[in-house]
Amino acid sequence: MPFPELNLSLGLTDNKGSVFYAGSGEGDVVVRTDSALTKHTISIIISEQEVGTVNLKTFFESSEIPVEIEVPTYQMIVTDDKTKEKEIYKVTRDTFFYKEKTTKKGIWSFFGLKFLAPKNFLFENIPFEPLKEEIEVFDISKYRKLNDEELCYTFQKENQNIQLFAGDINTLKIEKGTSYFIIVDENKGKRFIGDILYREKFLKLTPKVTLSIIKRKKVSKAIETGYNGKTDRIIYI
């Protein structure tokens, strides 16, 4: 177990009534004045800046429904109040669930060959956004699940379950009623996991972890995809 960090300060006193007085009144004696424990904070900030896309599994066994869908990713910043080091990641902000299948009208429908008409699939989004403030902050330090392959922070807001997940996104089972922020990096979340473990070790005491979510100006209500899961249209609210 690492030793806790001591925040020690030194000072002078010439007050004979002080418990720290140790001299003859000239004010030239250095004494210890504090030995409080310092606890640091790791800050995770999910921004509104869209930075790319990632393919996520849909977990449907039906041969007609795409096995993957393309969803947007956003910039996420991790830092702490001691090292001040910043790392940038990509994270999803939307959780899409299959809703219905649609058939586009076209030349094949005109000839009565509807089975040849292209099919689109509508996936409905369950977004999680700050309701009142532009930035909403959550304390997530007490709800952590960690193993060699994944790190998951869980918290609740008004009876809604929210998870911040780092790991192999292909192993994550999406459950309705839960909003997911899925961290996407080049090594199945291990860069983020290593970053958090490094900061925790460097900060010595188990740090507090805060999650800040910046409100987006427009939120996708649903996406339409072709059979291959490629996004054809994003519907905003």
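**Salt bridges at a glance**

E129 and R216 are both buried (under 20% relative accessible area, with exposed over 50% and partly exposed in between, using a 1.4 Å probe on protein chains only). This is a predicted model, where local features need pLDDT of at least 70, side-chain atom pairs count only at pLDDT 80 or more, and totals for chains, interfaces and linings use all residues. Residues are numbered from 1 along each chain as its sequence is written, and side-chain values use heavy atoms, leaving out hydrogens and water.

**The buried pair and its network**

- Searching the whole structure turns up 10 salt bridges, each being a side-chain nitrogen of Lys or Arg within 4 Å of a carboxyl oxygen of Asp or Glu.
- One of them joins the side chains of E129 and R216, at 2.6 Å from N to O.
- E129 sits in the loop between β7 (119–125) and β8 (135–139), and R216 in the loop between β13 (208–214) and β14 (220–225), so this pair ties together parts 87 residues apart in sequence.
- Strands here are DSSP runs of E, at least two residues, and helices are runs of H or I, at least four, numbered from the N terminus.
- A network of salt bridges links E129 and R216 with R93 and D94.

- E149 and K190 meet through their side chains in a salt bridge of 3.7 Å, N to O.
- E149 is in the loop between β9 (144–146) and β10 (151–157), while K190 is in helix α2 (residues 190–203), so the pair ties together parts 41 residues apart in sequence.
- E149 is partly exposed at 48% relative accessibility, and K190 is partly exposed at 37%.
- K188 and D168 form a side-chain salt bridge too, at 3.8 Å from N to O.
- D168 counts as partly exposed, at 22% relative accessibility.
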